[in-house]
Amino acid sequence: MTGLQPPRGTHDLIGETMRRHRHVIQTAARVLATYGFEEWSTPIFEDTRVFARTLGETSDVVSKEMYSFEDRGGDSITLRPENTASICRALVTNGLTQSLPQKAWYSGPMFRYERPQKGRYRQFHQIGAELIGAEGPLRDAEVITMAYDVLKALGLADDVVLELNTLGDIASRQAWRDALVAYFRSHIDALSDESRTRLDVNPLRILDSKAEQDRALLNDAPRFADYLNAESQKFWDDLRAHLHDFGVPFTENPSIVRGLDYYSHTAFEFVTTKLGAQGTVLAGGRYEGLVAQMGGPEIPAIGWAGGIERLALLLEEAPVVEAGIALVPMGDAAVQKAASLVRSLRQAGLRAEIETRGNLKKRMERVVKSGASHAIVLGDEEIARGVVQLRDLTAREQREVALGDVVQCLTGA
Ligand code: ATP
Ligand code: MG
């Protein structure tokens, strides 16, 4: 076979790319643990129904982006486009709906049939967290602050802005939705074709429209803030007060409605201007009813997901590989000694490799190029005296060390 490429919109994670990716996950895992979150792992494919109804049949993800297929047994399977629905499915399947709250985090590949571009892929990776059984705005504030702390730990706090909105409760939304539909109907000629279709199926998505003509209309559209009932208003006020107390800066952005259909009250996005059109690095909100759709009781929850590729692209510097120790044995007897020494060094937790090819000069060139911190050179003469030559490649110093002292010398123990 020739000319094989990875499928469009997918990519291999190797070298620096993988190190950035791993760094995002490890850093986040540390922060999430301080909030009492535990890692969950669910299958990357699920019964199509886990996503199809729950994410909203009219959402972009369900209507255009899902990788769904019938497997050999005739079951309809979907590669997960996101992980929130799977986590709720797992909560119910594992009988955890009576042990609340549950604090779950996850990371892994997600699949969406999208038009690939920088920061937008068909297989991409998310890291996310769900607090299931979350009553009240303090929980929302904590979960948003947790995301902020992850971004801060990654050194990105100054590169992103937290944009916050409230979607209110169902009653508030219905009242506003009625007002919006009436408004758009009275301006139907000015709407884009796509938004005209949305008017019937999901009018709130019009607010997300990027079409110039729709944006113009949006300026005078009924504002949701004017339709919040007392309870929703209090939730919104308390959330902002808690965020203030936690020291998390935010701006209010009424156009954040989130792509998926199951949100209520809180919706938020962390946005950067550094990634062009793909500016949202992490997004989430409060959702209700999702657990019930999986066959459990009504349980309110709040969560978010961050795009690992987008976060990794933003990292100032790629994490470096730990410098190693190179063993350079000259001669057969030396190779044998080096083999047992390299094992001792590894058992002491050090990175160590044996360099066996070529003359001493060639080997040392390779060792220096590899970025090793030390080289250990030994030949027949050293073996006879039970020593090695230890070269500190950073300080450019060489000294003789007894074979039995090498490990201690390098671990500093
Ligand atoms: P967008 O508006 O960019 O399509 P979305 O609303 O579809 O985002 P979510 O479903 O909220 O995104 O996913 C959360 C995060 O996952 C996004 O903010 C983004 O960082 C990342 N993400 C989503 N889709 C992709 C993709 N196709 N490729 C890379 N990252 C993605
Ligand atoms: Mg999308």
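**Close-up 1. V281 and its neighbours in this predicted model.** Skip the residues within four places in sequence, and V281 is in contact with L151, V160, F270, T272, L275, A305, G306, G307, R310, L311 and L314. V281 also belongs to the largest nonpolar core, a set of 61 residues.

**Close-up 2. Helix α1 packing on helix α5.** Here we look at residues 16-34 (α1) against residues 137-153 (α5), with the axes 9 Å apart and an angle of about 140°. That angle makes α1 oblique to α5. The crossing of α1 past α5 is right-handed. On the α1 side, the residues taking part are T27, A28, V31 and L32, and they meet M146, D149, V150 and A153 of α5. Sorted by class, the residues of this contact come out as six nonpolar, one polar and one charged.

**Close-up 3. Helix α6 meeting helix α7.** Residues 170-186 form α6 and residues 193-201 form α7; their axes come within 11 Å and cross at roughly 145°. This time the crossing is left-handed. From α6 come R177, V181, F184 and R185, which meet L199, D200 and V201 in α7. The class count for this contact is four nonpolar, no polar and three charged residues.

**Close-up 4. R196 in helix α7.** With a relative accessibility of 33%, R196 counts as partly exposed. Its contacts, leaving out neighbours within four places in sequence, are I188, D189 and L191. F184 sits 12 residues away from R196 along the chain, and the C-alpha atoms of the two are separated by 8.7 Å.

**Close-up 5. T48 in the loop between β2 and α2.** The loop holding T48 runs between β2 (45-47) and α2 (49-52). T48 is buried, with a relative accessible area of 13%. Setting aside neighbours within four places in sequence, T48 is in contact with M66, S68, S76, I77 and T78. Q5, on the other hand, is 43 residues from T48 along the chain, and their C-alpha atoms are separated by 28 Å.

**Close-up 6. Backbone details at P101, H265 and R396.** The peptide bond from L100 to P101 is cis, with omega near 0°. P101 lies in the loop between α4 (84-93) and β5 (102-111). H265 is not a glycine, yet its phi is positive, near 50°. H265 is in strand β9 (residues 263-271) and is buried, at a relative accessible area of 8%. R396 is another non-glycine residue with a positive phi, about 55°. R396 sits in the loop between β15 (387-392) and β16 (397-402). Buried or exposed: which is R396? It counts as exposed, because its relative accessibility of 77% is over the 50% cut-off.

Technical notes:
Residues are numbered from 1 along each chain as its sequence is written. Chains are lettered from A and ligands numbered from 1 in the order in which they are written. This is a predicted model: local features need pLDDT of at least 70, side-chain atom pairs count only at pLDDT 80 or more; totals for chains, interfaces and linings use all residues. Side-chain values use heavy atoms; hydrogens and water are left out. Axes are lines fitted to C-alpha atoms, for helices over the stretch in contact, and angles run from 0 to 180 degrees between N-to-C directions. Helices (H or I, at least four residues) and strands (E, at least two) are DSSP runs, numbered from the N terminus. Angles under 35 degrees count as roughly parallel, over 145 as roughly antiparallel, 65 to 115 as roughly perpendicular and the rest as oblique. A crossing is left-handed if the near helix is turned anticlockwise from the far one by less than a right angle, and right-handed if clockwise. Contact means heavy atoms within 4.5 Å. Ala, Val, Leu, Ile, Met, Phe, Trp, Tyr, Cys and Pro count as nonpolar, Asp, Glu, Lys and Arg as charged, and the others, Gly among them, as polar. A nonpolar core is a set of buried Ala, Val, Leu, Ile, Met, Phe, Trp, Tyr and Cys residues joined through side-chain atoms within 4.5 Å. Buried means under 20% relative accessible area, exposed over 50%, partly exposed in between (1.4 Å probe, protein chains only).
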